[in-house]
Amino acid sequence: MLTAQIDPATTVVTAAESTASTSNQVPLILDLDGTLLRADVLYEKAVSLVRADPLNIFKIAYWSFGGRAYLKRRMAQDARLDIDTLPVNAELIEFAEAEANGGRPVHISTATDNVTAAQIARRFPFITTVIASDGTTNLKGHAKAAELARRFPLGFDYAGDSRADLPVWHAARQAIVVEASSRVEKAASAVANVIGIFHRPSYLGPLIESMRPHQWAKNALVLVPAVLAGRIFDVFAIWQLIFSFIALSLIASATYILNDIWDVADDRRHWSKRNRPLASGRLPMVVGFAAVPVGLAAGFALGAAAGPKVVLMLACYTVLTLFYSFYVKRVVLLDALTLALLFTLRLAVGTVAVAAKASPWLFVFSIFLFTSLALAKRHTEIARAIERGTARINGRGYFAADLPLVLAAGVAAGTSALLVLVFYIINDAFQQTFYGDVAWLWGFPVALSIIVGRIWVACQRGELQDDPVVFALTDRLALAAGSGLSVCFVLAWAGIAA
C-alpha cells in the first residue's frame, strides 16, 4: 500500500489503494482544481515548465502519448510550483473547515497527481485524506465516481465544479456545485441531490480588467504623426487612425493577458500584481489562453482594413512585445529601452496609417522619453522591494543595489528627451507649413520638463504607485503642464502671434 504522511491527521492515498471510511458521519469530498483551488494545476505546471525552458513543450507533447495520468506524474516530478501562493476558494474553505470542526471527515479527491496533491493538502489542516491520480490511473469522471463509491460504501457528499464531475455527483449522496457554469449547475441538479451551490462570479469583468483598457490611452500615440503633419482633420486619415487605434489596443490587450499568464507565479509574490485577475484566480488560465488568439486575430483583421503597412507595424509590435515578455524584461536597462521601442512603434503605426513623413527626431525623442518613464517604473518597483526587505524584484533582473543606477539613467534619458525635443522643433517643426506661428512650440520643452521632473520627484518621494503614465494623467501639476502643452500647439496651429 502506497501512503505518505502529510501530517499526523492526513494521509495521501492513490487510486490503487483500498481503504474504507471508519467514521459514522458521511464524509465530505472536495475536488481540487477549480473547486478548492481557483487554479488548474495542470496548466500551472505546463506554464512553469515552458517558462523554465521553452523546449520543454516538446517534453510535454511526448509525455502526453503515455496518457493523462503519466503526463501528470512527469509534470509533477519536473515542474516547480509555488504551492503556497496558489489562489484558493475562501468561501469553500470556510464551509469545509466548519464541517471538519463539527467532526466530519473532509477529503480531497482529484485527478491531479498525488505528489502535487499531497503538497497542496499541507496548506489545509482540516483535510484528512487525499485520493488522487497515481501515474497510472487518471482519477477523473467515472473512474473517480467508482473509486469513491468503493471507498465509502455508506455514502459521501461531493463538491466539484465541472461537467467531468457529473458521474461523481450521480454516485454521491448529496452534491455541492462550486463556481460552475449555469449549464453544469442544471446538469448536476438533473443527476444528483444538490444541497448547495457556490455561484461563479462573472468572468467578463476580470477579463476586461486583464485586458487593461486603461492602458489604451497609450495607443493615442498613433494620432501624433497625423497631428504633427496637419492631417488630423482629413476624413480618410481619421478612419485609418480609428482602425489602427482599435487594432493596436486589441493586440496589446492580448499580449497583456499572455504576459500575465507567463508571469503568474511572479505576480502572486508581487505587492500589487498579485491582485490581477489571473494571479488572484478570478480569471481562469484557460479563459486567458482562449482570449489571446481571439484578440490577436481581431486586431490584425482591423489592422488589415487600415492597410498592409499598418499590419507590418502591428506584427513588429507583437513580435517585440512577446520578446520582451518572454526574455528581455529580465535584462537590466535593456527592458526599459525595449518598452520605449514599443511606444515608438505606436508612433510608427500612426505614421504609416496616414502616410505621414516620418520624422527621425520624433522617433528618437520618443525613445528617450519613454525609456525615462520605463525606468521610473523600475525605480518604484526596486524601492518597494527595498521597503519589504527583499534583495531583488521577482521576475526582473534588478537588485536593490541598482536603485542609484536606475535613478541616474532615468533622469539622464529624460534630460536627453528634452534636448532632442528642442532639435525637433528647430530642424523639423519649423519646416512645417501648416503651423501659423511656430514660436508657440517653445512651450513644449517647458511643459515636458515639468511633467518629467514631477514624475521623478514622485519617484524619489515614494509617491509613484506603479505606472508613471497613469500618474501623469492624474497628477494636477502634470495635467496642468500637459494642458499648457496642448494650448501651445493650438495657438501655434491657429497662427496667433506669440
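## Cavities in the model

The structure holds three cavities of 30 Å³ or more. This is a predicted model. The largest cavity has a volume of about 450 Å³. Its lining is made up of 28 residues. Closest to the centre of this cavity are Lys-218, Tyr-256, Tyr-324, Leu-339 and Lys-377.

Which helices each supply at least two residues of that lining? They are α11 (235-262), α15, α16, α17 (360-387) and α20 (468-472). Helix α17 gives the most, with five residues.

## The largest pocket

The model also has pockets. The largest pocket has a volume of about 1100 Å³. It is lined by 34 residues. Nearest its centre lie Leu-221, Val-224, Leu-369, Leu-448 and Leu-485.

Several helices each supply at least two residues of the pocket lining: α10, α16, α17, α18 (403-427), α19 (443-461), α20 and α21 (476-494). Which helix gives the most to this lining? Helix α21 does, with seven residues. Helix α16 is on the list for the largest pocket, and α16 is also on the list for the largest cavity.

Take α11 first. This helix has 28 residues. From its first C-alpha to its last it reaches 41 Å, close to the 40 Å expected at 1.5 Å a residue.

Now α16. Its 20 residues should span 28 Å at 1.5 Å a residue, and its end C-alpha atoms are 28 Å apart, which agrees. Is α16 largely enclosed or largely open? Of its 20 residues, 16 are buried, so the rest of the structure largely encloses this helix. After α16 comes Ala-355, whose phi is positive, near 55 degrees.

Helix α4 covers residues 90-101, twelve residues in total. It reaches 16 Å from first C-alpha to last, close to the 16 Å expected at 1.5 Å a residue. Its buried residues are Leu-92, Ile-93 and Ala-96. Why do the buried residues of α4 line one face of the helix? Seen down the axis, they fall within an arc of 100 degrees, so they line one face. The face turned away from this buried side carries the exposed residues Ala-90, Glu-91, Glu-94 and Asn-101.

What covers the buried residues of α4? The cover includes the strands β3 (28-30), β4 (106-113), β7 (174-178) and β8 (194-198). Look also at the two ends of the helix. At the start of α4, a side-chain oxygen of Asn-89 reaches to within 3.3 Å of the backbone nitrogen of Glu-91. Following α4 is Gly-103, with a positive phi near 95 degrees.

Gly-103 is a glycine with positive phi. Other residues with positive phi are not glycines. Arg-212 is one of them, with a phi of about 55 degrees. Arg-212 sits in the loop between α9 (204-210) and α10 (224-228). Is Arg-212 buried or exposed? Arg-212 is buried, with a relative accessible area of 11%; buried means under 20%.

Leu-333 also has a positive phi, near 70 degrees. This residue is in the loop between α15 (308-326) and α16 (334-353). Leu-333 counts as partly exposed, at 33% relative accessibility.

Asn-114 is in helix α5 (residues 114-121). It is buried, with a relative accessible area of 7%. Which side chain does the side chain of Asn-114 join in a polar contact of 3.4 Å? The partner is Arg-73.

Val-286 is in helix α14 (residues 285-306). It is partly exposed, with a relative accessible area of 41%. Val-286 and Leu-312 are 26 residues apart in sequence. In space, the distance between Val-286 and Leu-312 is 29 Å, C-alpha to C-alpha.

Conventions. Residues are numbered from 1 along each chain as its sequence is written. This is a predicted model: local features need pLDDT of at least 70, side-chain atom pairs count only at pLDDT 80 or more; totals for chains, interfaces and linings use all residues. Side-chain values use heavy atoms; hydrogens and water are left out. Helices (H or I, at least four residues) and strands (E, at least two) are DSSP runs, numbered from the N terminus. The expected span of a helix is 1.5 Å times one less than its number of residues. Buried means under 20% relative accessible area, exposed over 50%, partly exposed in between (1.4 Å probe, protein chains only). The arc is that of the directions from the helix axis to the C-beta atoms. Contact means heavy atoms within 4.5 Å. A polar contact is a pair of N or O atoms within 3.5 Å; within protein, one must be able to donate a hydrogen and the other to accept it, and residues adjacent in sequence count only if both atoms are side-chain atoms. On a 1 Å grid over the protein atoms alone, a cavity is a set of points where a 1.4 Å probe fits but cannot get out, and a pocket is an open set with protein on both sides within 12 Å along at least five of seven lines; lining residues have an atom within 4 Å of a point. Grid points are joined across faces, edges and corners, and a volume is the space filled by probe spheres set on the points.
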